[in-house]
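The following account leads the reader through one protein model, from a single residue to the overall architecture and back to local detail. Please keep the sequence and the coordinates in view while reading.

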Amino acid sequence: GFSSVLGGLGGMKGTFTNLFDPMVAWTFGVSISISLLSGITIDQQQWQRAFSMKRDVVKRSFLLGGLLFAIVPIILGLLGYVAANQALKVTVGQNQLAGFSVLVHFLPTIGVVAFTAMVLAGLTAAGSSALSAVSSIGITDIYKFLKPQSSDRDLLMAGRISMVILILVGMGIALIPNIQILYLVLVVGVFRAALFLPTILS
């Protein structure tokens, strides 16, 4: 129940009970907030979604989509609190897999398989959207700039090459030994923040 979540609110050591702790805010909260706010602004995927809709439904669609999406990180975040509850004795091998460790601890095998399939479906959807976005950037912003008089066949090939490059870069990052998701989040946050003002002013 919810008591399992409350038991882990302070983290595994019980030292993070204050939601307004300046140390947590300045070392993690502020940087993540800037990353999230910048990300929605500079993300080519979001711009493509916006331009694909009729003007009168854009605001409503993004507000409703944001509310529905918020359910996912909130629920997955609660699993982290459950993992931190020492009374439940959840074995956590890696901190970045705490939520998955909770599911393995409490769910039968079929439940873990179903959750894994759900995560893979979400990653596939996000990945296809990213590939569509990078192909648009590769065609419109790069290839057409370098070669204005391009045939449709050339543009199609440029889009495909852009997608292949993104896949190879992603695989290369994923294969880095002992890569930490936290480090990736912070690096992406720096990238997003750097592009925020140029996007607003463009």
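**A guided reading of the model**

Ser162 lies in helix H7; helices here are DSSP runs of H or I with at least four residues, strands are runs of E with at least two, and both are numbered from the N terminus. With a relative accessibility of 12%, Ser162 counts as buried. The classes are defined with a 1.4 Å probe and protein chains only: buried is under 20% relative accessible area, exposed is over 50%, and partly exposed is in between. Once neighbours within four places in sequence are set aside, Ser162 is in contact with Val134, Ser135 and Gly138, contact meaning heavy atoms within 4.5 Å.

The model is predicted, so local features need pLDDT of at least 70 and side-chain atom pairs count only at pLDDT 80 or more, whereas totals for chains, interfaces and linings use all residues. Residues are numbered from 1 along each chain as its sequence is written, and side-chain values use heavy atoms, with hydrogens and water left out. The pLDDT is the predictor's confidence in each residue, on a scale from 0 to 100. Its mean over the protein is 85, and 94% of the residues reach 70 or more.

What is the secondary-structure content of the protein? There are 8 helices and 0 strands, and the pattern read along the sequence is α-α-α-α-α-α-α-α. Taken along the principal axes, the C-alpha atoms fill a box of roughly 65 × 40 × 40 Å. Of the 202 residues, 20% are buried. Among contacts with a separation of 6 or more, 57% are between residues 24 or more positions apart. The accessible surface comes to about 14800 Å², and carbon and sulfur atoms account for 72% of that area; such areas come from the Shrake-Rupley method with a 1.4 Å probe, and for residues only the protein chains shown count as cover.

The interior may be considered next. A nonpolar core is a set of buried Ala, Val, Leu, Ile, Met, Phe, Trp, Tyr and Cys residues joined through side-chain atoms within 4.5 Å. The largest one in this model has 9 residues, namely Val5, Leu79, Val82, Ala83, Val90, Ala98, Val102, Leu103 and Phe115. Helix H4 (58–84) and helix H5 (98–106) are the elements that give two or more residues to this core. Leu103 is in contact with Leu79, Val112 and Phe115, leaving aside its neighbours within four places in sequence.

Helix H4 also contains Phe62, which is partly exposed at 29% relative accessibility. Not counting residues up to four places away in sequence, Phe62 touches Gln46, Arg49, Ala50 and Met53. The C-alpha atoms of Phe62 and Ala50 are 8.3 Å apart, for a sequence separation of 12 residues. Arg60 lies in helix H4 as well and is exposed, with a relative accessibility of 53%. Between Arg60 and Ile167, 107 residues apart in sequence, the C-alpha to C-alpha distance is 33 Å.

Attention now returns to H7 and the surface. Met157, Ile161, Ile165, Val169, Ile173, Ile176 and Leu184 make a nonpolar surface patch of about 570 Å². Patches consist of residues with over 30% relative accessible area and no salt bridge, like charges being joined within 9 Å and nonpolar side chains (Val, Leu, Ile, Met, Phe, Trp, Tyr) within 5 Å. Helix H7 (residues 152–174) supplies the largest share of the patch, 5 residues. Ile165 is located in this helix and is partly exposed at 49% relative accessibility.

Side chains of opposite charge can pair when their charged atoms come close. How many salt bridges does a search of the whole structure find? The search finds 1, a salt bridge being a side-chain nitrogen of Lys or Arg within 4 Å of a carboxyl oxygen of Asp or Glu. Asp154 forms a salt bridge with Lys147, and their closest N and O atoms are 3.6 Å apart. Asp154 is partly exposed at 26% relative accessibility, and Lys147 is partly exposed at 38%.

The last stop is the loop between H7 and helix H8 (181–201), where Asn178 is found. Most residues other than glycine have a negative phi. The phi of Asn178, however, is positive, near 60°. Asn178 is exposed, with a relative accessible area of 74%.
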